[in-house]
Amino acid sequence: MPSWKKPTADQVQRAIALLGHPERMRYFLEKLENPLWLEPLRDMGFFRYPPPPTRDEVRKTIGFPFWPRSKYLARAAREPEVQDLALTIALEIPRTENTRVYEDLADVALALPPRLAVRLAAEVPSWLSTGFLLLLPGKLGELMSHLARGAEIEGSLELARRVLAVRPDPNAPKGPPGEEEFRWPLEPRGLVDDYEYQQILKKHFSGVVKGAGVKALELLSSLLLDAIRLSQREPDRTFPEDYSYIWRPDIESSDHEDLKEALVSATRDAAAQVLASAPDQIHAVVEVLEGKGWRIFHRLCLWSLAKSPGHAVDAVRERLTDKSLFEDEGYRTEYSQLARAAVSLIDEASLRVILQWIDTGLDTERLARNYEAAAGHAPPKDMVERAAKTWQRDRLAPFVGALPPDWDRRLRQLVLDVGAPSQERPQKPHAEWVGESSPKTAAELRQMGVDDLAAFLRSWIPQKSVFGTSREGLGEQLTAAVSADPNHFALQAGVFHDIDLALVRALLYGWRDATKQKRPFDWREVLSLSERATVQGGRDPEPAWTRKAVADLLSAGFEDGDAQLLRHLREQAWRILKVLLEDSDPAPQREVPVEGSAPEPVEVALNSTRGEAMHAAVKYGLWIRRQFEADKDAVRLSAGFEQMPELRDALERRLGIEVEPSLAIRSVFGQWFPWLVLLDASWARQRVPAIFPGDPRHAEYRRVAWETYVTFCTPYDNVVSLLEGEYSHAVEELSGGERGKRRRDPDRRLADHLMALYWRGRLTLAPGNLLANFFSRAVGELRGGAFEILGRGIAAVDESIPAEALARVHSLWEWRWKVTSKSPDDHQDELASFGWLFGSGKLDPEWSLSQLALVLKAVGKAEPNFLVGEMLEKLVVSYPLRAVTCLSMMIEGDRDGWLVLAIRDNVRTIISAALACADAAAQEEAKHLVNRLGERGYHEYRDLLGR
Amino acid sequence: MRSWRIIRWIRRWFERDRNPSEATVPVVSAPESLGTVERPPTEMPPPPLKRVSPSTVIGGPLDGRRAGIRNWIANYSLALAELYEASVRLMHEVALSGRVILVCHAVREIRNRLPEMVSGTKGAGRLDYTNRVEKIVRLWRAVGLGDPSLARSLPTASASGPARIETDRWLLVSVAKLLADHGAVRERPEETAARLFLGAALGDPARREELRPVIVQWLDVTGWFTKHVHVGLKADADHDLDELRKRFELFEMTLAALAQSFYETVDDIDAILEEANR
């Protein structure tokens, strides 16, 4: 350790003269090691004004700034020469709500000798009142131990009492419970959170026990007593039963779930620690524990006696011959443990008493009564006998070694009869759910012949018990079996026509999965089975769910692939589909808002029979069209719906709101609109007013069709030309209000469509047109989002971009700049989104840099900053001054202070390159930036100045 | 008003001996109307400059560091920069009689004026005490309270309470308003000084307390000069010249820490830390 020199007044004054900047002040205090500066700094008022927490009322956040002065104080306090002064200063620091300051004061106390630290520890109650304790609890735990080790026992215990205080459950319901109201058990809490609480007990309390002995045990027992009482709704009525044999069946366990259990473990460990160092303290330990009265304390007492039986033989004997302890199942584990530990100490008379109780045996009549009450019938005789033998075995086993010969033989016989006693530790009661059970596995089902399988499925009856085999369990295995070998089951699918519908559905799911996995099979019998399942009416779940399974299967079968339906099955497939298109699901009530939230039509369509059938119908059209394409039949291809009139008629019917009021079905038209154009462009053009009805009474249908279209489809030119009116309408519908978070965001997708069309030259930039209207009506986030998608799109283009496309991007941005730069504060999101264009790296670098500088000057930021940082790093070699200037502006504009952390490596590269270039102005700007970064606390770039 | 005459005198004296070709910054002559203009045009707060020009050695006692201070002050006020330069020359170069008082005046002006220039924000302003008091005096006399023997003729307090005297409402309002205005414009020196440091650091006003020790020392150091402006006239030899030098050095160190780049000052701090931690 250096021998420190006391600073002169001149030295101190010169130092202070240099500290007229908060960051320099912090730098100095963090680097100052000499503890002898403490006094002059205190005289200059350095410790008078701890910084308060910083609150952001807008974001609803609170910050706790570090205070370099208290950190220096904590360092200086290690030096014996200034420890009295350090304590005085610590006590002088005004109260604050800034917990960071108290963390440092705890460090001061830890650095001081216990006789001084205890004076500071007396201030802890006021430290704990701030509400946000951060790292303070851990340090206070350490301080408890520190004080106890230094013989400041009362100070240590008082500190522990304050920090570990147990408080009532803040969520405890007020008032008496209503009828049939379930109430969770009460959970008392600590002043510090459960994790910190447990850490203090685990890491630091042994130090307290070491110094304070039984007094520490008394403190923990009191805390546990508080926890037990505060866990009970009516502690006076339930005393002494705490049900600890349920929530803590094993005293030895260390799996803590809550504060109460943590205190049990800590009390146990404290008792063990006391007895390990002073076994003769067993009577004091017993007195402390049993004095609390509740069951858990008696259990802890038995456990403790088992640790040191030789020092309390009378006490041990007294408890082993206590019949209430012997009989009470809630003490069984600890009683047996004590018996095993004290087996060599037990006298003959006591053992005789116990053996007499064992000989009397289990109360089998009571057992039978209880069994009958639960099961409804008398227990089997062998079960009762076995229970009685097991009871005796378990009670004799702890006394092995002390048993008289005849009892020893009896125990051996019992072990032969019912096996050896379990060595497992007692467990908390728990239950698990492992899913539905099946009587056979998928492999077993596949090995069966199809006829045998059908016979089995017809005759099999699920078990009635909750955890028994079920149709759902068998169905899962059946689906897996069919999916793995679809043709094996498809060739004779007809034999399944009379089995349970739930199992038919499982078969259909199997063929659907096989189709998706492109495993071909013979569809003929499968379609026949499907048709039979389809015509089974009713709205009970089974027939309805089975029809949905048929729709799913057809939908998969019309998709292109090795397992698709063969063309000669068109008529049969359509016959089934036609029935499904008239299905009653979705019923109107499925689309009614629940608790103010309407179900998404798209999701209802996917999860309803008619909705899935509609999807299948469009796929049906595309399936037929693929056949025409395969035949190279231009005539039929151009004939559109003339070649599939059944589909056209079905679609027309579903467009009638009188017939089809479902929004879910309407969503399918929107989702598949580009493909309807592909199937028959003329029909689609004519039906635009029907699909997107302009009648205000049907505005919801128009909205749903549009939102599904714009969300799920990309903007194909030929489709957009049919929907120009809908695009205009959607732009008109944009509102300038705040946009809530939506899972699917049609407005954002509209922006994507418009940008894609503009990029392709399909849309132009002209006053009053679609694009201009969009930018005048959309909120800033949406306008920014438009540039984001444009930037992302450009960045993703691998080949060289045509000059005219780039020119369009330049024009769009410059036009927006003209508008937005007049009031940048109102256009922050949009202006900042220039970062996406800049970050794409595809635009002219000089133009990009100049625009970026304008944006940064206007709003101080460009998003996303990581992309801008990367691009500036690329450009700094060619444009050092402009790149480093832009970086400076970004950093100046960063209010939150996260930017440098996000792009720290880019910052270093950019500054290094600017310093190394030949441009003196760039070098100067880079030096200035390093200094500005230093002022903000980022000293990692100081080395670049070459000092 | 008296202080501006002194400033004008210092400028004239300074310009007399200067070779214009050596000047590094344009010297703006004080306008003839200086004595009557409340705030000379050259002292209007410029937009705050974040950058300090590189230090330039301009000869004599204005070495690189002092030149840096001068140039930094000139970013905000050429007049104050000149005052600083003059005070440096008086301290180190020109054994001019009466220089202690002149230096004190110069430091006081810098202490009082620089904060508002650097921060770009004015204090609460000045109160025209003379005119306001004269106005009250006229009212006072008009209501018949101008008689020097008034005190003897006024009633005295009695057991029932203080004596009550009826007077003119406007007189009372004028006095009350003057007292209120006095309270409003009286900015504490700590607040003025805080604007200097926080303004130079582009700092968050909420962090003012962190700089309090620096502010206290600045006020103590510069307060010595202010005090010596006001004490009865003393010859140079009657001043504690060692104290003057020490104080002036701390005054310059504080300004240098603001004027130079962040890491130049950190280098100075490192030097102090090296000595302290040895």
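Biologist: Which residues of H46(A) are buried?

Modeller: Happy to! A quick note first: this is a predicted model, where local features need pLDDT of at least 70 and side-chain atom pairs count only at pLDDT 80 or more, while totals for chains, interfaces and linings use all residues. Residues are numbered from 1 along each chain as its sequence is written, chains are lettered from A and ligands numbered from 1 in the order in which they are written, and side-chain values use heavy atoms, leaving out hydrogens and water.

Buried here (under 20% relative accessible area, 1.4 Å probe, protein chains only) are A:Ala805, A:Leu806, A:Val809, A:His810, A:Leu812, A:Trp813, A:Arg816, A:Trp817 and A:Thr820. They cover an arc of only 160° around the axis, so they lie on the same side of H46(A); the arc uses directions from the helix axis to the C-beta atoms.

What do they pack against? In chain A, the partners of these buried residues are helices H43 (746-759), H44 (770-777), H45 (780-796), H47 (828-832), H48 (834-840) and H49 (845-859), with contact meaning heavy atoms within 4.5 Å.

On the face turned away from the buried side, H46(A) carries A:Ala803, A:Glu804 and A:Lys818, which are exposed (over 50%).

For a look elsewhere in chain A, A:Asp522 is found in the loop between helix H29 (501-516) and helix H30 (523-535). Leaving aside neighbours within four places in sequence, A:Asp522 is in contact with A:Asn487, A:Ala490 and A:Leu491.

Note on methods
Helix = DSSP H or I, 4+ residues; strand = E, 2+ residues; numbered from the N terminus.
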